[in-house]
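Please look over the sequence and the structure shown below before reading on.

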Amino acid sequence: MTIVEAGDALRRGKTTCIELTEQCLARIEERNGDLNAFITVMADSARVRAVALDKELRSGIDRGPLHGIPIAHKDLICVKGERCTAGSKVFEDYVPDYDATVAARFEDAGAITVGKTGLHELAYGITSANPHFGVIRNPHDRERIPGGSSGGSGVAVATGMALMATGTDTGGSVRIPASFCGITGLKTTYGRVSRYGVKPLGISLDTIGPMTQSVRDAAISLRVMAGYDERDPATGRLPFNYVPPMPCPISGLRVGVPENYFFDAVAPEVRSAVERAVGLCKSLGARVVRLKTPDVEALNLVSRTILLVEAPAVLEPYLENRGQFGEDVLALLDQGRMVPATDYVNAQRLRRLFVQEWRQVFRAVDCLLTPTTPTAAPLIGQKQMELDGVTHDVRLATTRFMRGINALGLPALSIPCGTTGDGLPIGLQIIGRAFEEEVVLRAGAALEDALQA
Amino acid sequence: MTPSPIPEDQRARLQPQVEDLLSKLRSLTAALPEDSDSALVFQAAEECE
């Protein structure tokens with residue numbers, strides 16, 4: 001059930017907030033033991049709140065589309081009085097006495113938080129195989145990863161344990177689990193959503209976005225999340241107040257399809273699913289423009305260098321006790337500490353140059369269509385994958401179409417665009433100009449409608 | 001706070017990956033115009049808003 005459907009049923013008296021909440025809690029009870037999507041389940045507080053929100057609706061108080069909707073927060077987003085582990089032993093007993101801005105906004109909008117979802121340790125990785133809180137499993141094949149770092153959020157939404165879950169994206173962490181779990185995930189423009197009360201990883205790259213069952217649900221959720229916050233100086237003041245109409249016209253939209261990089265070393269099923277989506281865009285009246293993008297390898301390298309250094313800048317104080325960290329995260333933190341400051345500064349100089357180069361691309365088109373990930377979900381524990389006869393590192397291959405977008409600060413939406421022969425979801429990425437979430441959501445909604453027709 | 005040092009065996013294990021990254025990055029940096037700004041340029045006007 002989507003947020004739109006649930007809201008409609010609520011307002012027509014076909015269901016109640018407590019019924020919606022009980023449905024999600026029942027799904028958690030049924031599947032969380034196996035899939036491990038949640039670190040903390042907040043059943044009691046969710047039920048109390050649902051009853052109160054039902055009472056509000058009966059007395060004529062309607063807080064809007066999120067009223068009575070069960071949601072979940074990634075467990076690095078502070079919710080007052082609830083443990084916030086960031087998937088780390090370092091924070092396993094941390095209980096914040098305040099709400100993150102994003103949590104407070106959902107609270108004000110009437111959403112019901114059913115729990116805190118699991119993640120890759122410290123949001124620094126793509127598998128969500130967490131050494132402290134256990135492996136999170138893909139609901140489409142429990143032997144495969146759900147992606148990360150927002151793996152628990154992806155699983156929670158894909159299985160109906162929550163109708164929306166927050167995720168964070170520093171190098172693909174919303175879009176990867178969206179792609180592997182077969183749901184919608186929106187990486188927002190850097191500065192669109194306040195990071196106050198959210199554990200940082202890469203301070204100049206971190207973004208927060210919604211993970212939902214539909215594009216319209218993502219838009220509805222972003223309307224709640226977005227906006228200026230004086231406690232996060234990166235936030236912008238541009239308003240966001242868009243929900244794609246039904247039907248959603250894209251006639252005349254200039255849709256760019258890269259001829260370079262984004263279709264190299266891609267599984268054939270992924271390539272053909274994305275090409276089918278490109279064909280649908282054309283049939284919907286969009287103008288498809290084949291183009292060459294600036295050097296993506298270089299952009300990824302810069303984004304990776306910046307993250308490598310920014311992560312230990314935040315987490316170094318906790319490295320006193322190295323045993324608290326998983327092996328993969330510790331290796332990344334140590335690598336970052338080995339990068340000289342001059343190289344970090346030069347990476348930021350290159351970043352500025354690349355931002356200017358990519359602005360030229362978006363003069364010719366309104367958005368870009370690419371695969372989100374080059375393959376469907378890898379197996380748990382898989383370190384390497386073969387693509388076009390070449391062996392690739394799973395982490396680097398999985399992030400290669402996304403990582404650079406964080407350095408550019410641009411919004412990017414991942415939506416399901418088909419399945420493999422084994423029934424695994426395939427993700428399509430739609431990238432737009434800064435603060436033009438409206439365009440990627442518009443294209444995404446039109447494609448979603450066409451793909452489901 | 002003084003950061004805890006990276007153990008030598010870990011440093012040796014990671015060194016090739018870091019060197020590979022830095023060599024690629026430095027080849028890009030070499031082509032940068034001398035007067036290019038950083039993405040982290042401080043903008044006083046914005047700070048004073």
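Which residue follows α3(A), and what is its phi? The residue is A:Gly60, and its phi is positive, near 90 degrees. This is a predicted model, in which local features need pLDDT of at least 70 and side-chain atom pairs count only at pLDDT 80 or more, while totals for chains, interfaces and linings use all residues. Residues are numbered from 1 along each chain as its sequence is written, and chains are lettered from A and ligands numbered from 1 in the order in which they are written.

Helices (DSSP runs of H or I, at least four residues) and strands (runs of E, at least two) are numbered from the N terminus. Within α3(A), A:Ala46, A:Arg49, A:Ala50 and A:Leu53 are buried, a residue being buried if 20 or more other C-beta atoms lie within 10 Å of its own, exposed if 12 or fewer, and partly exposed in between, with C-beta atoms placed from the backbone. Because these buried residues fall within an arc of 110 degrees when seen down the axis of α3(A), they line one face of the helix; the arc is that of the directions from the helix axis to the C-beta atoms. The face turned away from the buried side carries the exposed residues A:Asp44, A:Lys55 and A:Arg58. The elements that cover the buried residues of α3(A) include α2 (17-35), β2 (70-74) and β3 (112-117) of chain A.

Strand β8 of chain A (residues 207-212) is mostly covered, with six of its six residues buried. Strands pair if DSSP finds at least two bridges between them. Six bridges join β8(A) to strand β6 (residues 164-169) of chain A, and the two run antiparallel; here A:Thr166 has A:Pro210 as its bridge partner. Strand β7 (residues 184-187) of chain A is also antiparallel to β8(A), to which two bridges join it, and A:Thr184 stands opposite A:Thr212.

Chain B has two helices and zero strands, and 6% of its 49 residues count as buried. In this chain, 20 residues are in contact with 25 residues of chain A, contact meaning that C-beta atoms, placed from the backbone, lie within 7 Å.

Technical notes: Two residues are in contact if their C-beta atoms, placed from the backbone, lie within 7 Å.
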